[in-house]
Amino acid sequence: MRLTDPNFQDTGVFSLGFLPKVEDGGLYLCLIKQQERKLKERIILLAILTVNVIPAAPIPHQSTLQLVASVIPNFAITKIIWVAPGSVSIRSEKILNIGTVAKLPQVQNSDNGAYVCMVHPWSNSSALFNFNVDVTVDADKVASFTNIKHGPMISTATQAQTSFPLTCPTVQGDYVLLYWLPPDIKENSSMRLLYQYDRWRGSTLRTEQSKRLQLSGPPYDAEAGSFSFLLTPGLKDGGLYVCKVSLNDNIFSQRTLLSVLKESGSVTTPSLLPFLSALLLLVPLVAAAVGVLLWRQKHISDRGIEQSLSVHSGEAENIYENPDDIRQPPPQGSVYMDLKPRGGDDVYKELERFLVSAGFRNRRSGRMAGWMWLRCVLGPHLQRIHRSPDQSRLEGRSGRRGWNYQPRSVEKHTDSILGWASTLWSLSYYSSPLLLCYLYRKGYICSSKLVPVSQYVGTMLVCLLGVACLRGWGRWKNSEYLQFISILEETKKNHTPANKKKLKGYDFDFSHWPSDFSWTEVSSPKLSKAGVSLLKPEPRLRGAADSVLNSVRTLPCHIISFLISHSFGRRMLYPGSVGLLQKAMRPMLQQGQARLIEEFDGQRNKLVACDGNEIDTMFVDRRRDGGQHGQTLVICCEGNAGFYEVGCMNTPLEGGYSVLGWNHPGFGGSTGVPFPQNEANAMDVVIQYAIHKLGFQLTDIVVYAWSIGGFTASWAVMSYPEIQSLVLDASFDDLLPLALKVMPDSWRPLVQHTVRQYMNLNNADQLLKYQGPVLLIRRTRDEIITTTRPDDIMSNRGNDLLLKLLQFRYPKIMTDEGIRVVRQWLGASSQLEEASVYSGYEVDDDWCVSVLQSYQADRDVLFPWSVGEDMTLEGRRQLALFLARKYMRNFETTHCTPLPAAEFHSPWRL
């Protein structure tokens, strides 16, 4: 850059000259001053025009010519127009980050000449800048198209004289070619060109055979490069159709092998053959199964129970035993069916009593057998049979406390088929948006396709129904399942403690479990519609007109937030609610539940919350053990992928406490979805159950939470301030900073709106409403609730939770200096560093306790306290460090490591 006039001081000409680059475009300010006085000022907008010709000259014959013009900055112009030789305007499109593009596909010698790029500046619409571009076509060089991408072959059939969609590649192309190979011709070289459309030139080429063809309308748009054809074929129009779409000399091909069927009077009968065939095969099968069942029941009734129970030489054949235990010789004269025979006649009386309780009240009536078979068909999946520690070993298991249910061969295989069907349904459900889009683009969502598909689906459903009936037959033949289903039906009719104790010995689908407690038993049903109360973010004050305008302006954001939170957002926040994950964890969950029931005599219960969700809970009672912790109930709140079967419930359990665990809505046996309102409703019914059914006082309850469970735990102590204390392990103050960490920065406004409206886990705000003892446990290598990296302990959101709690409770101590020393203590990553910081300020624990006790004795004990108001700076520092150490303990591990029982302590009390 240089001055154009070397004598600028004499002439006063200050113009500059330079060779600009692309990045030099923009606004320039020229200011001339003399002795601090501005003489002249001018703002100059420099726009840089870049023109590209693709491919480079000379242009090969039959290739696609691309004329690209772009201006930097782009606001300097209103539009760019390309003009062909002869002053003919050609089609051009403005493409983001590229510029204004004009294309001439399949260039010919006639396309030689000078093309004009006409630029309309922004400042003055009447001004016009023209730039010429010379184009030369090489007639001797023909473009070769070797880069051809073939899509999968489509083989289908349609009726004559019925509109049929011919699918083309899904690229946004320049032009489309449709070829046809009749069925009686085998040579691909004999393909006929039926249709050609060039969207840039606006030209269409038709042939005699293309009279039955037309370009498809919406959702396709040929002018925008989205191509598809509608064909109304005759009988002779079958064969191979090839649709080729060109984009920048790249060819994309889609082949369709079409068979044309002759139209007949009835077209639905052939497609119903699979459906009718399945019915014809299934009906005799089910009828035979029911007939055998009824014959078997009549046979047992006529000939006596001796046919089912053989007693030879004083030994009883145990038809109810687990196959793994057949090798163990049973005690003589005993039958393992929870029967208690006292002699030969008593065996038959007990078995007859069982049959009567199972529904065979009229032994000669096959109708009762049919009802029992129906119950087996509709009954739940039985997984395990438990034996609690206090049950007698004489029940046939010689010290074994439980065993997995062993289905017979028919039940095992049919259950496997239904399990695979359920898994495929889950995969189809989660992938349905992509699957529907694919089918729509391929033209499968139309009346001609939906009818046969619906018939095939109906056939599959009928087949699955037949499989379910066979599974019921297998269950009906299994004595253990018969005994279980009879106990379940009796418990549903009479929910007595005795029946509940019998049902407790089985692990099965929790959806069939009878309700043990409902929120409406202790509260008014009228209050259950809206659910329990939550802390809401304070609304911004706006005028009436401004509020309406803002609501209209933010409506798209509300819709997007709703869709995000109710689709992948909820599943990202609570991955444990995903059905596929629960299926993968099922063996581990069953093992953990068996341990709680068989080793700790746990009691599984179903609670119904005010919103109708069913909550799966597990209670272990230690009050009769005589330990010092048994009289205290610890209610455990799990993490976002935690279940009481394998979660934090084991920590207080090993410490000798009475423990009540529960699963989030949508986790394990609980129903619903884990939104904040549903979470609070579930926590409320758990506390009501502990008070009204288990007999605990609020002052005997400790709430213990891990990770995201801090939300329900802090809500519980806020709503029930009489609760004894609160322990939060690896928890955070607010969800929003953690959500912003994992989402793109450009999504920040949307993430903020979504979290505050639908997933507002404001733990700190709820915790400040509680006046009781609190203990925070921080994981020093936490990789989940840190906002930077796991080794950055200062980004742990547990620090913010502690600071907010101390600032609220002790505002005179937690001044700027108090916050500084606490942050210094929080920055210590090991116990040695903590002790070094603590001793560096010479904290006197006895003096701190005496100061706080003196304040508590003389004044109101409700927080916030004004202690430290008239204290020296050194005294406030000591109190700040003392309180931080009492309210928080460090545990040197990662986020998901189970907390040992030795690290579980009661919070500090003054």
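Pro 58 sits in the loop between β5 (48–54) and β6 (59–61). Most peptide bonds are trans. The model is predicted. The protein chain has 910 residues, and 45% of them are buried.

**Cis peptide bonds**

- Another cis peptide bond joins Pro 218 and Pro 219, where omega is about 10 degrees.
- Pro 219 belongs to the loop between β21 (213–215) and β22 (228–231).

**The chain overall**

- The protein chain contains 23 helices and 38 strands.
- Take the contacts between residues at least 6 apart in sequence: 69% of them join residues at least 24 apart.
- The chain exposes about 47200 Å². Carbon and sulfur atoms supply 55% of that area.

**A buried valine in a strand**

- Val 101 is part of strand β11, which covers residues 99–104.
- Is Val 101 buried or exposed? Its relative accessible area is 3%, so Val 101 is buried, the cut-off being under 20%.
- Which residues does Val 101 touch, leaving out those up to four places away in sequence? They are Leu 67, Val 68, Arg 91, Ser 92, Glu 93, Ile 95 and Trp 200.
- Val 51 is 50 residues from Val 101 along the chain. The C-alpha atoms of Val 101 and Val 51 are separated by 10.0 Å.

**Two helices that pack**

- Two packed helices are described by the angle between their axes and the distance between the axes.
- Helix α19 spans residues 797–809, and helix α23 spans residues 873–887.
- They pack at an angle of about 125 degrees, and their axes are 11 Å apart.
- That angle makes α19 oblique to α23.
- The crossing of α19 and α23 is right-handed.
- Which residues meet where α19 and α23 pack? From α19 come Leu 802, Leu 805, Leu 806 and Arg 809. From α23 come Leu 883, Ala 884 and Tyr 887.
- By class, this contact of α19 with α23 has six nonpolar residues, one charged residue and no polar ones.
- An α-helix has 3.6 residues a turn, so residues three or four places apart point the same way.

**Buried residues of helix α17**

- Helix α17 runs over residues 748–758.
- Its buried residues are Leu 750, Val 751, His 753, Thr 754 and Val 755.
- What covers the buried residues of α17? The cover includes α11 (555–573) and α16 (735–742).

- Most residues other than glycine have a negative phi.
- Ser 707 is not a glycine, yet its phi is positive, at about 60 degrees.
- Ser 707 is placed in the loop between β35 (701–706) and α15 (710–719).
- Ser 707 counts as buried because its relative accessibility is 6%, and buried means under 20%.
- Glu 842 is not a glycine either, and its phi is positive, at about 50 degrees.
- Where does Glu 842 lie? Glu 842 is in the loop between α21 (831–840) and α22 (845–858).
- Glu 842 counts as exposed because its relative accessibility is 60%, and exposed means over 50%.

Key: Residues numbered from 1 in each chain as written. Predicted model: local features only at pLDDT ≥ 70, side-chain atom pairs only at ≥ 80, totals over all residues. Heavy atoms only, no water. Helix = DSSP H or I, 4+ residues; strand = E, 2+ residues; numbered from the N terminus. Buried < 20%, exposed > 50% of the residue type's maximum accessible area, 1.4 Å probe, protein only. Contact = heavy atoms within 4.5 Å. Areas by Shrake-Rupley, 256 points an atom, 1.4 Å probe, with all protein chains shown as cover. Axes fitted to C-alpha atoms, helices over the stretch in contact; angles between N-to-C directions. Parallel < 35°, antiparallel > 145°, perpendicular 65-115°, else oblique. Left-handed = near helix turned anticlockwise from the far one by under 90°. Nonpolar A, V, L, I, M, F, W, Y, C, P; charged D, E, K, R; others polar.
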